[in-house]
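Try each task yourself before reading its solution.

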Amino acid sequence: MKSANPDQSTSPKVSIWKQFPGAFWCANVMEIFERMGWYGFYAVSSLYLTGAVVDGGLGLSSEDRGVIQGLATFFLYLFPAVFGALADRYGFRNMFLASCAVMIPGYLLLGIPNGFWGFLAVYFLVAVGHGMFKPVVISTVAKSTTEKTGSMGFGIFYMMVNVGGFLGPIVAGVIRGWDWQYVFYASATWILFMGVITLLFYREPPRDAEAESRRSLNDVFRGMIEVVGNGRFFLLIAGLLLLLVMGSKWLGPREYLPAAGTWLGLNLFADVLLRRREGSADGFWLLQPMKIGEGRYLVFLVLMAFFWTSFNQIFMTLPEYIRDYADTSDLIRALTPAAVSITNIAQNIGLDTSEWGRAVLEHGQVKPEHLINLNALGIIVGQVAIAYLVRKLQPLTTIIVGSFVTVISFLLYLIGQGGWIIVIAILVFSVGEMLASPRSKEYAGRIAPPHKVGMYMGYFYWCVALGNLFGGLLSGGLYQHFGPVDRGGVDNTNAMWLIFAGLALASVVLLSVYDRWVKSKPQESEQAV
């Protein structure tokens, strides 16, 4: 006799392709091309900016390179909330197309400027285009998944991020052997493919467009200020960041440190006066006492910025270091038999291989981007296994362990400058990234008060923005000082790596202290300065 309630476990399994709507898969393919465009140049940007003019580079100083990288990527991660609000109002598809309209000419123009200011202006345009794309693709994935499929959906999405981040630099590394202009053309081409996919295949996922469109830009900017506290405190922080940027290039320590101290002192003095004034808390924002909004969250963002500052050195500092110091002859000897076999096969089928060396080698050494690309390859291969191994650990524990692993990776550069040492250091760093990066956003959601989870998650990328800003400025300044003598340095890169290792170690210690503080301190929405 058949059961009236058939066993649901016997029902056929739904294919992974059918668990997600078309918008999900379309967004993932678009993400691959967008990451190919971004990392296709970003992974070699340090080499282009500081490369010799005779080799097609701009010949800028490492300090200038750090300012450009830090500022552009800072704004890329700072304003996704703004572009997300515009996308809610004008449509996801329109924002995708608008981002393409900004990025494609941006990449095509990147090869024209030959100085600091011109390149910074165009690169800022490119960063804005990617900042327009980022919130919309994440929103598409979020709205195309359910509570049941969300974990797998975002796992697939982040895998596609690394696929694009792996393929883009490979192509760029090959074609720049002939001409740097080809790198810019390639990035523009990947974004063009992304735009074609948007036009032909992208359909917006179901969403409450009417309700979402009510979120105005004023609401977004108000939310950004409320996370920090109020307008006065936001102005104080913005002024200090501006002085930090000015001090990295235009002002010496004797100018910007006193200026920063004066700015801080004036604001605190004004605050004392304003607190004695009745009704100042309800007056014009510039005449209100300073107020900290989400103090514990701001501390978390600053501490995570330490991690991202260290993380960014793999793209900012390491390319220059490999170009100027690495001896990859050991790698070349080990890989020569395989290279000869591949070349013989190609020649047997009639291909001309006389210029193939340009794709992999530069000045007799392996190109830096091909070594650095092992980071993305390691994540593609190992992320699932790492996630499985640490699945039972608390998020903060995983973040701390990952940060400590990055400390070890920096210390490995003290052993020597051979190719295999660099390969091992990059792969060790990749393990640290796989441990720390995915769990940091999860931890931010866990420490958030229940009624503020959305805000905590919405402004999480601020720590990435700060990490890029600090990372760029620190990278440029340190490599300029500790780098090669012929570029004005003291030729002591070991000291530089020790500083980066110390920064990562500081994040380990401070995050441990922070976790104890959060668990012991009652939650408060606002605190007076």
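**Exercise 1. Find how many aromatic pairs the whole structure has, then look at F410 and W497.**

Start with the rule: rings of Phe, Tyr and Trp (its six-membered ring) pair if their centres lie within 6.5 Å; planes under 30 degrees apart count as stacked, over 60 as edge-to-face and the rest as tilted. Searching the whole structure this way turns up 46 aromatic pairs. Next, take F410 and W497: their ring centres are 5.9 Å apart and their planes sit at 20°, so this pair is stacked. Now see where they sit. F410 belongs to helix 20 (residues 395-412) and W497 to helix 24 (residues 493-520), so the pair ties together parts that are 87 residues apart in sequence. Both F410 and W497 are buried, where buried means under 20% relative accessible area, exposed over 50%, and partly exposed in between (1.4 Å probe, protein chains only).

A word on the ground rules: this is a predicted model, where local features need pLDDT of at least 70 and side-chain atom pairs count only at pLDDT 80 or more, while totals for chains, interfaces and linings use all residues. Residues are numbered from 1 along each chain as its sequence is written, and side-chain values use heavy atoms, leaving out hydrogens and water.

**Exercise 2. Which residues have the most contacts inside the largest nonpolar core?**

A nonpolar core is a set of buried Ala, Val, Leu, Ile, Met, Phe, Trp, Tyr and Cys residues joined through side-chain atoms within 4.5 Å. The largest one holds 141 residues, and F41, Y123 and F300 have the most contacts inside it. Helix 2 gives the most to this core, with 17 residues. Apart from it lies another core of six residues, including I379, V390, V405 and L435. Now zoom in on Y123: leaving out residues up to four places away in sequence, Y123 touches W38, F41, Y42, I68, A72 and L110, with contact meaning heavy atoms within 4.5 Å.

**Exercise 3. Is V44 buried or exposed, and what is it in contact with?**

First, find V44 in helix 2 (residues 22-50). V44 has 0% relative accessibility, so it counts as buried. Then set aside neighbours within four places in sequence: V44 is in contact with R176, W180, V183 and E369. Finally, compare V44 with R176: they are 132 residues apart in sequence and 9.3 Å apart in space, C-alpha to C-alpha.

**Exercise 4. How many disulfides does a search of the whole structure find?**

A disulfide is a pair of cysteine sulfur atoms within 2.5 Å. The search finds zero disulfides. Two cysteines to look up are C100, buried with a relative accessible area of 6%, and C463, buried at 0%.

Definitions and conventions. Helix = DSSP H or I, 4+ residues; strand = E, 2+ residues; numbered from the N terminus.
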